[in-house]
Amino acid sequence: MAAEQEAVSNKRVILSNYVTGFPKESDMKITSGSIKLKVAEGSKDTVLLKNLYLSCDPYMRWRMSKLDRPSFVDSFHPGELKFWILHIQNYAKDDLVWGSTGWEEYSLVTAPQLLIKIQHTDVPLSYYTGILGMPGVTAYAGLYEVCSPKKGEYVYVSAASGAVGQLVGQFAKLAGCYVVGSAGSKEKVDLLKNKFGFDDAFNYKEEPDLDAALKRCFPQGIDIYFENVGGKMLDAVLLNMRLRGRIAVCGMISQYNLEKPEGVHNLEQLIGKRIRLEGFLAGDYYHLYPKFLELVIPAIREGKMVYVEDIAEGLENAPAALVGLFTGRNVGKQLVAVA
């Protein structure tokens with residue numbers, strides 16, 4: 001970190017207005033202010049960060065609305081925008097951390113307990129927005145802790161080429177499961193089968209009958225469903241779950257841009273099949289982060305796990321990168337290189 005105390009330019013991306021329907025680039029705006037590269041004398045629990053990468057995640061769309069019902073996150077307020085991000089910080093010069101802060105070039109963080117120090121730097125630093133960050137913990141916790149996979153079980157992952165889904169499939173294969181994923185293009189389906197090692201995959205946009213598609217892929221039914229989509233997909237999955245199946249509810253991207261969310265009509269399947277449907281948050285499982293790293297770091301080094309990223313260059317391209325998540329424009333984990 002530079003030692004100079006003069007103010008430097010600090011570009012930021014902020015929310016212009018609350019969003020209804022699909023987000024647009026114009027819902028965000030780029031502003032520029034200034035920041036001093038020094039923590040003020042006497043400041044307590046404050047660190048100065050230079051941001052290197054920021055993460056684009058579907059759940060952030062939820063926070064861009066003015067929420068009028070209970071939610072696991074608060075709304076953003078116009079004039080702010082915070083995302084999971086990777087930083088370089090200065091409790092010790094050039095230490096690296098990942099955590100949550102604003103979409104900006106520099107940040108003053110007054111709650112450094114929300115930051116996690118990076119110990120392994122022999123892997124790409126961008127991985128800490130994905131496979132080694134919040135999406136990685138999400139995939140690990142949802143599969144291993146919520147669903148407890150057993151060798152030979154049948155696992156289905158929706159939105160399977162995204163930041164979380166590509167990892168769930170690979171974790172399930174490491175556990176000895178049969179894994180099928182769905183995605184929204186031929187390119188993504190090919191990735192699932194040829195790069196991530198899924199046993200099968202299909203393009204949901206080409207399936208007029210999702211129930212029939214799942215019966216084709218899982219003639220014996222589904223033991224574990226990692227839910228990223230919601231809506232019609234969840235309805236079809238419920239018809240195909242096996243006895244004592246488990247569903248980890250990670251996200252419902254099909255619902256985030258709807259003013260009135262769709263209903264789910266096959267919930268009675270939960271009763272007779274004794275299906276367990278459980279929502280979860282990555283933050284519930286950060287205490288397992290050291291155990292998570294013990295599995296994932298060697299798997300990366302040995303080539304047993306791979307990760308695909310879609311990197312936009314420059315903070316000015318962050319709004320377009322975020323909006324692209326909801327049209328399927330990204331291939332793999334969407335992030336933005338800031339510096």
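Tutor: Start with a definition: contact means heavy atoms within 4.5 Å. Keep in mind too that this is a predicted model.

Student: How do you know that domain 1 and domain 2 are in contact?

Tutor: By that cut-off of 4.5 Å, 21 residues of domain 1 are in contact with 14 residues of domain 2. Domain 1 is made of 2-129 + 309-337, and domain 2 is 134-283. Their centres, taken over C-alpha atoms, are 29 Å apart.

Student: What makes up the area buried between domain 1 and domain 2?

Tutor: Buried area is the accessible area two parts lose on being put together, summed over both. Here that comes to about 1,500 Å², with carbon and sulfur atoms giving 66%. On the domain 1 side, Trp-62, Val-331 and Gly-332 lose the most area to domain 2, together 25% of what that side buries.

Student: How many salt bridges are there between domain 1 and domain 2?

Tutor: You'd need a side-chain nitrogen of Lys or Arg within 4 Å of a carboxyl oxygen of Asp or Glu. Between domain 1 and domain 2 the count is 0 salt bridges.

Student: What makes β12 and β13 a pair?

Tutor: Two strands pair if there are at least two bridges between them. β12 (residues 241-249) and β13 have 4 bridges, in the parallel sense, so they meet the condition of at least two. Ala-248, for instance, stands opposite Glu-278 in β13.

Student: Which strands form the open sheet, and in what order?

Tutor: There are 6 strands, in the order β10-β9-β8-β11-β12-β13, and the pairing is parallel. β10 (200-203) and β13 (276-279) are at the edges because each has a single partner strand, which leaves one side of each without a neighbour in the sheet. On average, neighbouring strands are turned by 15 degrees against each other, direction ignored.

Student: Which strands does helix α4 touch?

Tutor: Helix α4 (residues 186-194) packs on the sheet and touches β9 (178-183) and β10, with its direction at about 170 degrees to that of β10.

Notes: Residues are numbered from 1 along each chain as its sequence is written. This is a predicted model: local features need pLDDT of at least 70, side-chain atom pairs count only at pLDDT 80 or more; totals for chains, interfaces and linings use all residues. Side-chain values use heavy atoms; hydrogens and water are left out. Helices (H or I, at least four residues) and strands (E, at least two) are DSSP runs, numbered from the N terminus. Axes are lines fitted to C-alpha atoms, for helices over the stretch in contact, and angles run from 0 to 180 degrees between N-to-C directions. Domain bounds come from an automatic or database domain assignment. Buried area is the accessible area (1.4 Å probe) that two parts lose on being put together, summed over both.
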